[in-house]
Amino acid sequence: MLRRDHVKLICDVSELSGLFHDAPSMESFLQKITAMITHHMACEVCSIYLYYEHQNELVLKATTGLNPDSVGEVKLKVGEGLTGQAFQEKRPLREGHAMANPHFRLFPGIGEEHLESFLAVPILRGQVEIGVMVIQSQKRDYFSNEDIQILRAITSQLATTIETARLLITLNTQKQKKPQLVADLKFIKGRSGSQGVALAEAIILDELMTDVEHLAKLSKTLTEEDFHRAVEETEEQLQQLQKHIETELYDVSGLIFTAQILMLKDKGFLDAIEMAIRQGSNPSQAVAKVVREYVRKFNTIQDSYLRDKIYDIKDVGRRLLENMTGLSHHHGDLESCIVVARELLPSDTVKLFSQKVKGIILLSGGVTSHVSILSRSLGIPLVVVDEPGLLSLPEKTKVLLDGVMGYVYINPSQDTIQKVFEREDLHKDLDQLKKNLQSKPRTKDGVPVRLMANINLLGDLKAATEFKADGIGLYRSEFPFLIRSSFPSEEEQYRIYCRLIEGMPGKEVTLRTLDLGGDKILSYFDYGHEENPFLGLRSIRFSLKYKDVFITQIRAMLRAGYGANMRIMFPMISSIDEFQQARGVLQECIYDLEKEKQKIGYPKVGAMVELPSTIEIINELAEEVDFFSIGTNDLVQYLLAVDRTNEKVANLYLPQHPSVLRALKKIVDAALKYGKDVSICGDLAADPKFLPFLLGIGLRTFSLDARYLSKMHKNLYGIVLSQAQQQAGELLKQNKVERTSLLMGLE
Ligand code: PEP
Ligand code: MG
């Protein structure tokens with residue numbers, strides 16, 4: 001019987017799967033399918049319904065035989081009508097006389113009245129539900145068992161193609177209608193990288209070039225004179241910014257705006273713009289053109305170290321255009337802005353700070369990344385979210401950033417704004433915070449605990465003093481290196497370390513030597529591309545390879561430590577050999593400085609415990625060092641093989657993992673056994689959920705962001721040591737994350 005050309009149909013359909021590229025829309029592609037099927041199945045109607053998960057409904061997307069106006073209009077809930085039922089039950093449904101089935105749902109006006117036979121087959125790809133294909137005929141009892149098999153074969157063959165087509169078309173629509181894509185984004189739950197609350201307009205950093213192009217397009221006709229005036233004005237602004245940052249951020253100021261100032265003095269850059277103007281371009285277009293060209297050139301160099309230069313070029317272009325056209329909506333500053341960025345470098349963060357940005361939404365980087373850590377020191381609220389849709393926010397969208405909870409609200413209601421700010425005002429109440437402080441931090445049953453401050457920038461000293469830190473448990477000495485445009489000299493470093501030590505008179509100050517690499521990359525020192533920078537030339541490895549840099553730093557530290565209670569520690573120590581090597585360099589420095597008759601301090605020398613390789617040799621290492629400082633940010637990362645800066649695996653970054661808990665216990669036991677000081681300085685030190693455990697295993701010194709000190713005093717006072725010890729014992733018996741999470745009250 002040649003009534004239905006089944007074999008040919010299957011071939012044609014497989015050919016059709018290649019055709020969707022040419023279809024102007026998904027609807028027309030689906031339409032082609034329905035036409036082919038009605039032809040080959042010799043029936044009057046073929047329709048395709050697609051499933052939309054959000055609405056939980058099936059929508060008629062293409063039909064041959066029904067009224068074309070019904071496309072997009074006919075919608076069925078899952079389970080509704082025979083079509084909805086076939087979809088819900090994931091099985092074909094055949095009716096020889098459909099109207100007689102009480103389940104049949106007739107849509108008046110779509111032309112179904114005369115149709116008798118009905119066959120619906122769900123379109124599935126594995127368990128993924130895509131939609132339903134329906135064929136209908138005017139003849140009663142028309143479709144056979146064989147038809148069911150054939151339609152099943154066709155739908156399964158087409159499922160992937162239809163799904164792909166839908167995806168592609170959705171992507172295209174996203175590109176064309178960016179703002180609409182995020183229209184649904186109202187609230188995004190991220191994670192807090194730096195506390196604080198901000199309400200402002202969003203500016204998309206990755207779109208700076210769009211800003212440049214946009215300003216160039218909007219500008220009225222300008223003269224070469226306007227351009228020269230703008231160059232002068234921009235330079236003036238940049239000099240001001242540089243001055244501001246030098247007073248506010250003595251230690252990291254370097255010459256961070258020099259790259260931009262230099263561009264304005266660069267003859268090549270200026271000449272190219274002037275040339276374009278003389279060739280007839282409007283000056284604003286000329287600037288955009290040359291900036292575009294420079295960005296292109298830098299992009300082709302493909303050197304990650306130049307990324308911040310690209311930011312500089314775009315930013316200089318934006319400033320020039322704003323000054324030239326008077327169309328600035330940011331007035332050179334980002335005072336009224338919350339920056340949304342795919343990624344940021346520490347130097348970008350400092351630039352944003354000096355441009356008075358109100359908050360940062362970061363799409364990568366993680367809450368223990370150094371951009372987050374730096375933002376805390378700079379007092380910029382920061383939330384890390386995994387929501388690329390934010391990069392498509394329309395210009396000037398109002399955003400409320402709740403850096404305490406890690407929430408982002410798009411176009412928030414007045415009510416939400418009020419609630420979030422009221423809560424924040426309570427948190428900021430300095431007098432209230434100071435009331436939490438005990439004269440000596442201790443547990444409820446009187447066990448004294450030392451609370452020290454982590455210092456990233458000299459500016460952190462203020463909070464450390466205010467909140468009565470008992471010294472500095474970790475000074476991240478690399479920040480001044482990161483933000484400058486060249487290595488700071490021994491003298492510069494010496495002055496910074498002196499200020500730090502003077503900020504904590506008589507108190508213990510622990511300086512960590514350079515921890516470069518990983519997410520802390522120098523823009524001015526290219527040591528080659530690394531595929532895995534966190535497993536690469538990071539930290540002490542860098543220092544031992546570039547000994548002159550290391551020696552310069554240690555000399556500066558030793559000199560600054562004269563007469564002070566200073567300690568030095570090495571980060572990322574992986575073995576006893578490495579520790580001895582590093583300490584050997586320090587001893588050589590002492591020897592040289594003594595020969596030079598310089599006044600120096602003789603510090604205790606310790607190791608940070610951050611690598612799993614030290615756990616097995618922790619007793620021997622304890623014998624070797626003067627003290628340990630546990631860097632849990634890295635220890636967790638390396639123990640669990642979870643990149644601390646990768647939002648995609650943030651759910652696997654689980655400090656409550658039994659291996660982490662047991663490792664911490666081993667470290668503390670080793671230190672206690674050999675009578676060595678041990679403290680903890682990773683973010684875990686400030687986590688109230690971990691506090692009983694940490695106290696329970698014997699830790700008595702915590703170093704944390706000074707802003708958390710007040711809360712820490714309060715939390716400590718809520719703990720009884722014997723109970724904490726019991727809880728720690730219980731936790732150490734567990735072998736599953738599920739159990740430790742439960743016992744610690746973690747999600
Ligand atoms: C740590 O790893 O826990 C630590 C304190 O060092 P950093 O966060 O600077 O890597
Ligand atoms: Mg570390």
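Analyst: Helices here are DSSP runs of H or I with at least four residues, numbered from the N terminus. The model is a predicted one. With that numbering, the residue just after helix H12 that takes a positive phi is Lys-356.

User: How many of the nine residues of H12 are buried?

Analyst: Buried means under 20% relative accessible area. The buried residues of H12 include Pro-346, Asp-348, Lys-351 and Phe-353. The helix is largely enclosed by the rest of the structure, because the buried count is nine of nine.

User: Is Val-350 buried or exposed?

Analyst: Val-350 sits in H12, which covers residues 346-354. Its relative accessible area is 0%, so Val-350 is buried.

User: How far apart in space are Val-350 and Leu-378?

Analyst: In sequence, 28 residues separate Val-350 from Leu-378. In space, C-alpha to C-alpha, the separation is 7.8 Å.

User: Which residue in S14 stands opposite Ile-188?

Analyst: Strands of a sheet pair through backbone hydrogen bonds, either parallel or antiparallel. S7 and S14 (residues 407-410) run antiparallel and are joined by three bridges. Opposite Ile-188 stands Val-408.

User: Is Phe-187 buried, partly exposed or exposed?

Analyst: Phe-187 is found in strand S7. Leaving aside neighbours within four places in sequence, Phe-187 is in contact with Tyr-407, Val-408 and Tyr-409. Phe-187 and Leu-400 lie 213 residues apart in sequence and 9.5 Å apart in space, C-alpha to C-alpha. Relative accessibility is 40%, so Phe-187 counts as partly exposed.

User: Which residue in S20 is the bridge partner of Met-608?

Analyst: S19 (residues 604-609) and S20 run parallel. Four bridges join them. The partner of Met-608 is Ser-629.

User: Which residues of S20 point the other way from Phe-627 and Ser-629?

Analyst: In a regular strand the side chains alternate between the two faces of the sheet. S20 covers residues 627-630, and all four named residues are buried. Phe-627 and Ser-629 point one way, and the other way point Phe-628 and Ile-630.

User: Is Lys-61 buried or exposed?

Analyst: Lys-61 has its place in strand S2 (residues 57-64). Beyond neighbours within four places in sequence, its contacts include Glu-27, Tyr-49, Tyr-52 and Val-71. The cut-off for buried is under 20%. At a relative accessible area of 16%, Lys-61 is therefore buried.

User: What volume does the largest cavity have?

Analyst: There are three cavities of 30 Å³ or more. The largest has a volume of about 90 Å³.

User: Which element gives the largest share of the lining of the largest cavity?

Analyst: Among the 13 lining residues, the closest to the centre are Tyr-49, Thr-83, Phe-104, Arg-105 and Glu-112. By class, the lining has eight nonpolar, three polar and two charged residues. H3 (81-89) and S6 (128-137) each supply at least two residues. The largest share, three residues, comes from H3.

User: How many charged residues are in the lining of the largest pocket?

Analyst: The largest pocket has a volume of about 1700 Å³. Of its 48 lining residues, the closest to the centre are Arg-191, Ser-192, Val-367, Asp-687 and Leu-746. S8, H23 (632-640), S22 (701-705) and H26 (709-717) each supply at least two lining residues. The lining divides into 20 nonpolar, 15 polar and, for the charged class, 13.

Key:
Residues are numbered from 1 along each chain as its sequence is written. Chains are lettered from A and ligands numbered from 1 in the order in which they are written. This is a predicted model: local features need pLDDT of at least 70, side-chain atom pairs count only at pLDDT 80 or more; totals for chains, interfaces and linings use all residues. Side-chain values use heavy atoms; hydrogens and water are left out. Two strands pair if DSSP finds at least two bridges between them. Buried means under 20% relative accessible area, exposed over 50%, partly exposed in between (1.4 Å probe, protein chains only). On a 1 Å grid over the protein atoms alone, a cavity is a set of points where a 1.4 Å probe fits but cannot get out, and a pocket is an open set with protein on both sides within 12 Å along at least five of seven lines; lining residues have an atom within 4 Å of a point. Grid points are joined across faces, edges and corners, and a volume is the space filled by probe spheres set on the points. Ala, Val, Leu, Ile, Met, Phe, Trp, Tyr, Cys and Pro count as nonpolar, Asp, Glu, Lys and Arg as charged, and the others, Gly among them, as polar. Contact means heavy atoms within 4.5 Å.
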